There are 2 protein chains.
Amino acid sequence: MDCAVSQKLFVSAQEVAEKAGVSRSAVSRTFTSGASVSPKTRQKVLDAAEALGYHVNHLARGLMRNESGIVCLIVSEIGTPYRSALLRALTQQLQNSGKVAMLINTDRSDGSVDLALRQAIRYRADASVILSGLPDKSITDLCLKNGQRLVLINRDDDREGPLKINLDDADAAARIATAFVRAGCRKLAFANSQAGTPSLMAREHGFVAAAKALGLDVIVERFGHTGYESGRVVAQQLLTRKERPDAVFCATDLLACGFMDAARHQFSISVPDQICVAGFDDIEQASWSSYGLTTFAQPVDTIAREAVSWLVSEDAEPENHTIRLHADLVWRTSIRGG
Amino acid sequence: MDCAVSQKLFVSAQEVAEKAGVSRSAVSRTFTSGASVSPKTRQKVLDAAEALGYHVNHLARGLMRNESGIVCLIVSEIGTPYRSALLRALTQQLQNSGKVAMLINTDRSDGSVDLALRQAIRYRADASVILSGLPDKSITDLCLKNGQRLVLINRDDDREGPLKINLDDADAAARIATAFVRAGCRKLAFANSQAGTPSLMAREHGFVAAAKALGLDVIVERFGHTGYESGRVVAQQLLTRKERPDAVFCATDLLACGFMDAARHQFSISVPDQICVAGFDDIEQASWSSYGLTTFAQPVDTIAREAVSWLVSEDAEPENHTIRLHADLVWRTSIRGG
DNA sequence: GCAGCATTTGCACACGCTTGCAAAAAGCGA
DNA sequence: TCGCTTTTTGCAAGCGTGTGCAAATGCTGC
C-alpha cells in the first residue's frame, strides 16, 4: 500500500514467471500471438499476470521485433474543424487495429517541426500519416529514408512508396459549376487561400476549366490561410468589384462561412437570392442553420479506414498506390433551386 | 541506393562508434545531456552520426532509463472546437519541452478505450493528461497505479497525486448573472447538457446561486451532449414555455450557437433584442459575425503551459495540487448594452 | 513397454542503449 | 620530471523482451 517507498514500478515477465512457476519464455510466449504454449501453462501465466498487474513492455518488445506499433500523425492546424474530424477518425481506426497514435503538430514553421519529426523517428514509428498542408519535402523524405510507411492525404507527391489518398477535386468543381449555371448564375468566382496546396489548386483549376467549357469566365481571388478571416477578406475583394459575381465557390467551408458572413452582415447581400455560395469539406458548421452551406463532403471515415488498413496490411506494396475517393455533394440552402 | 534489398534499416551507436574511431560509450554520452565527453571526440561522433543518419533509439533509451518521454493525451470528442484547440496547445507545449504526445481517443464507450489505455501503459508513458469529460474512475486509477503523473483538466477528483486544473466556473456564472440583470433581464434560464461533468455543473449551480442572491429564479433545462444540436433542442424547450426567458446562459458555446440559431431562424426571436445569450469556452465560432457570442474564454494556452510545466518539473509533488484559472469575459453582441 | 512423432519448454543470445567503475589521459604546480 | 588532481574513456553489466535450438514431455499405435 505504501506507494511512495516502492521504487520498482513495473513488474517484469521474470516475476510473473516465478509466480506462475514457469520459465520466462513461457510468459513471453503467452503474450505473443501465434506462439506455442499449452493451455494449462497459458492459464497459469495469465492468472499470475493479472494478480501482479503485468503489462508487456512495448519498448522492449519494439526493440526486439524492430517494429514499434507506433503510427505517427503529422498534422497542422489541429484546431480546424476538418482536420480535427479527420484526426478523430484516424485515431479511432488506429486503436481498432491495435496501433497507437503519436501526434506531431506542425503549426510552428521554425525548426520545431523538424525536431518533432526526428523525435518520432527516434521512437521508431512504423509509419506516418501526413495530413499537413505544408508541402515540405524534407519531412516526407525523412520518413521514407527511415523505413516508415507513409500515407499522404490530399497531398500531391510523385514519389514511389507512399500511399496517396485524394479526392476527385476537379470533378467536384465541375459538378458545382454546372449547379451554379443551372441556378441561373453567370458571373462565377472562386475564393481560395494562398496556401496553394495541391487539393486547393485542383479545385480552383477544375472550376475554371469547367466554367470555360460552359462558356464562362471565373474571377479568382486568393488570400491568406484557409480560414474564416480569409473568407471575409476575399468577400471584401469580390463584393466591391464593379461587376459583382453571382456565384462563389469557396475552396473550403471555413472560407465559405467567412464569405457568407461578410456578404450578409457587412454588404447586406442575400445568400442565395443575390449570390450563391458553395464550399468544400462539409465541416459541422456548414450544417448549422446560420449557414446551410451546400458543400462537398470529405469522406473522413473512409479516408481513415483506407489509410489504416493499408498501414496494417502485410504486404507493403499494393499494385495501386493512390486511392481516389468521391466527394459527395451535400445540398443545402446556399444555392438557389435544387 | 537499392533500398529494397537492405534489411538493416537503422544504424546503431556501435556503427557510429566504429566510424568515429571511439567506443560505443562515447557516442552514447555524446547524445546524453550532462555526460562527460571531450569536445574533440564529441565532434567526431557528431560528424559520424550525421554522415550515417543516426538517430538515438528511444525505445532502448526508455528501457534503460525507466522513463519513456511519452505523454499520453486522453481525450473524447476530438472534433469539437474547444477540445481540438486544447489539444493543439498541449501538443505544442509538449513538443517545446522535448516530450512526445500519444493520443488516446475515448469516444467509443465500449472496451476499446480501456484497451487503448492499456496500450499506452505498455509503452510506459511517463504521464497522462485527461481532457475527457467522462468521469471514468477506472481510467485515472489505472494511470496512477502504473506510476504515471496525471493532469486532470476541468474535472473534479478528490484523489491525491494528480494535478487538477480548473476554472473559476462559479464566479464566472455570477458575473454573467449580474451582466444579464444590468442589461435589464429578469427571467433567467440556464441551458445545460446531461453530461453532468463537474465544470458544467459548477456553472449551473453558480448561476442559480448568483441569481438567487439577486432575487431571481432560474429555469434550468438539460439535454443530450454538449453540442449544437442539443442547443437547438433546449431552445425548443425554453422558447415554447408560456413565460419565455429573456436571458439564457449556455453551459458551452456549442449549445449557445445551437440555441441562437433555433431562436432566430425557427422562432424568429431576435438576439439580443428579445433575448440575451451567453456561452462558455470562446470557441472560434463564437466570434463569427453570425453569432457575436458574449462568452467566457478558456485560457487554453495557459492551461497547456501549466500542465506541461508541471509534467516536466523535477519534483513530482508541489505544495498545491490544484490550479484555478480565471475565465475572462469576452464581450460581444449577444447581450444588450456593454 | 516402446519406437516414432508432434508439441511444449527452457536455455541462452540478441536487440540498442545507459551508466558505475576503474583505468588511462590530461592538466598543473613544484 | 614527478606526484597529484581532474577529466575523459572503455569495459561490462544490465534494462525487458522475442525466438532459434535442442532437450523434454506428451501422445499414438503397436
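**View 1. A:Met102 stands opposite B:Met102 in strand 2 of chain B.** This is a predicted model, in which local features need pLDDT of at least 70, side-chain atom pairs count only at pLDDT 80 or more, and totals for chains, interfaces and linings use all residues. Residues are numbered from 1 along each chain as its sequence is written, while chains are lettered from A and ligands numbered from 1 in the order in which they are written. Strand 2 of chain A covers residues 100-105. This strand runs antiparallel to strand 2 of chain B, and 3 bridges join the two. Strands pair if DSSP finds at least two bridges between them. Helices (H or I, at least four residues) and strands (E, at least two) are DSSP runs, numbered from the N terminus.

**View 2. Chain B meets chain A through 46 residues of chain B and 47 residues of chain A.** Contact means that C-beta atoms, placed from the backbone, lie within 7 Å. On the chain B side, at least two residues each come from helix 4, helix 5 (81-96), strand 2 (100-105), helix 6 (112-122) and helix 11 (253-266). Helix 5 of chain B gives the largest share, 8 residues. By class, this side of chain B holds 19 nonpolar, 20 polar and 7 charged residues. Ala, Val, Leu, Ile, Met, Phe, Trp, Tyr, Cys and Pro count as nonpolar; Asp, Glu, Lys and Arg as charged; the others, Gly among them, as polar.

**View 3. DNA strand D has 27 residues around it.** A residue is near the strand if its C-beta atom, placed from the backbone, lies within 6 Å of it. A:Ala13, A:Ser28, A:Asn57, B:Ser23 and B:Thr41 come nearest. Chain A gives two or more residues from each of helix 2 (24-30) and helix 4 (58-65). Helix 4 of chain A gives the most, with 5 residues. The surface near DNA strand D has 12 nonpolar, 10 polar and 5 charged residues.

**View 4. Domain 2 of chain A touches domain 3 of chain A.** Chain A is divided into domain 1 (13-56), domain 2 (68-167 + 300-324) and domain 3 (169-299). These bounds come from an automatic or database domain assignment. The centres of domains 2 and 3 of chain A, taken over C-alpha atoms, are 29 Å apart. The contact takes 13 residues from domain 2 and 12 residues from domain 3. On the domain 2 side, helix 5 (81-96), strand 5 (163-167) and helix 12 (300-311) of chain A each supply at least two residues. Helix 12 gives the most, with 4 residues.

Key. Contact = placed C-beta atoms within 7 Å.
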